[in-house]
Amino acid sequence: MPITYEEPVRQDEFIPGQSNAVGAAAQELTRRVREDLEKMFDSVYRSAKARSEHDRRRVYALAKLRLNWDSYGAPAPNESSVANAIRVLNLLETLNLDPTRILPSAEGGVGICFVRGDRYADIECSNEGEVLGVYYVGEQMPTLLETDATDAAISAALERIRNHIRA
Amino acid sequence: MSTERLFRRYRREDYVDNKFSSLGFAFPKQSVNREKYSAPADVLFSATDEFEGWGVLYFRVQDLPVEFPPDNRQYTFFPKHVPEDEMYPHSEVWCDRLPLTGEYVEPSPGVKKLFRAFLSQRVEIEIEATA
């Protein structure tokens with residue numbers, strides 16, 4: 001069987017390569033899109049950071065409450081509850097979950113609340129060093145979230161709160 | 001069960017998106033005023049206007065669970081009339097173990113947390129807080 005030779009097919013269209021030779025207008029457009037994206041990501045990052053800083057300042061402000069701040073004899077949050085509340089806020093950052101409000105607890109401590117529609121959850125750091133949570137929908141029986149106050153247990157409770165609030 | 005209302009003052013910030021946060025409730029022996037002997041606004045009485053802008057909420061005696069928690073009935077909650085020198089209607093929410101001991105019993109931290117949430121779900125506003 002004779003071997004035939006075929007001329008290779010010529011490709012007259014160039015495959016675009018990495019080149020700056022794309023025209024000034026395209027370069028300008030690329031630059032502007034990149035700048036806009038950087039600004040947007042920077043803005044999202046900064047606002048999340050600002051929120052997180054605001055939440056921390058709120059916790060430290062609660063520590064300055066006086067005894068009987070609720071007029072029924074409530075103690076002010078102490079160092080233990082404030083330190084645990086700050087730890088909860090740190091753990092929340094990794095979960096991308098923002099508190100709705102941070103309140104002093106009438107039991108003595110700091111509470112971090114999450115509300116969305118009919119769904120409520122909070123995690124409470126007591127002056128005795130306990131970290132307990134609760135969540136519910138409407139008037140359904142609340143579910144208790146117990147922790148041993150370790151990071152792992154608090155993170156697990158916060159994940160359940162996130163799933164509950166976003167359900 | 002009694003439908004008598006039990007009044008308590010509250011701060012506006014204890015309402016989070018129209019939900020009363022259980023963080024505003026304390027235990028043990030939460031103070032309330034009995035409806036039988038008082039008007040709702042009595043809990044706001046102060047010679048120095050200390051409670052200006054505060055509100056009044058209530059829950060009913062029948063809201064206090066006779067057996068709690070439902071899946072492990074260890075405790076009962078009930079109102080106890082504890083008159084004070086200048087506030088005769090003053091009462092407290094008490095807890096006892098099941099079977100009854102006749103004494104005040106401090107529930108476990110978990111049951112306390114659950115009970116405060118349970119009660120906060122039943123709260124109604126009588127006078128709205130403005131500050």
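Predicted model: local features only at pLDDT ≥ 70, side-chain atom pairs only at ≥ 80, totals over all residues.
**View 1. The five-stranded sheet of chain A.** In chain A, 5 strands form an open sheet that runs in the order 1-2-3-4-5, with antiparallel pairing. The edges of this sheet are strand 1 (101-104) and strand 5 (143-146) of chain A, each of which pairs on one side only. Direction ignored, neighbouring strands of the sheet are turned by 20 degrees against each other on average.

**View 2. The pairing of strand 4 and strand 5 of chain A.** Strand 4 (residues 131-137) of chain A is joined to strand 5 of chain A by 4 bridges in the antiparallel sense. Within this pairing, Val134(A) has Leu144(A), in strand 5 of chain A, as its bridge partner.

**View 3. Helices packed on the sheet of chain A.** Helix 3 (residues 151-166) of chain A packs on the sheet and touches strand 2 (109-116), strand 3 (119-126), strand 4 and strand 5 of chain A, while the direction of this helix makes about 160 degrees with that of strand 3 of chain A. Helix 1 of chain B also packs on the sheet, where it touches strand 3, strand 4 and strand 5 of chain A, and its direction makes about 35 degrees with that of strand 4 of chain A.

**View 4. The contact between chain A and chain B.** Chain B contributes 23 residues to the contact and chain A contributes 24 residues. On the side of chain B that touches chain A, the largest share, 6 residues, comes from helix 1 (residues 109-120) of chain B. The residues on that side of chain B comprise 11 nonpolar, 6 polar and 6 charged.

Definitions and conventions. Residues numbered from 1 in each chain as written. Chains lettered and ligands numbered in written order. Contact = placed C-beta atoms within 7 Å. Helix = DSSP H or I, 4+ residues; strand = E, 2+ residues; numbered from the N terminus. Nonpolar A, V, L, I, M, F, W, Y, C, P; charged D, E, K, R; others polar. Pairing = 2+ DSSP bridges. Axes fitted to C-alpha atoms, helices over the stretch in contact; angles between N-to-C directions.
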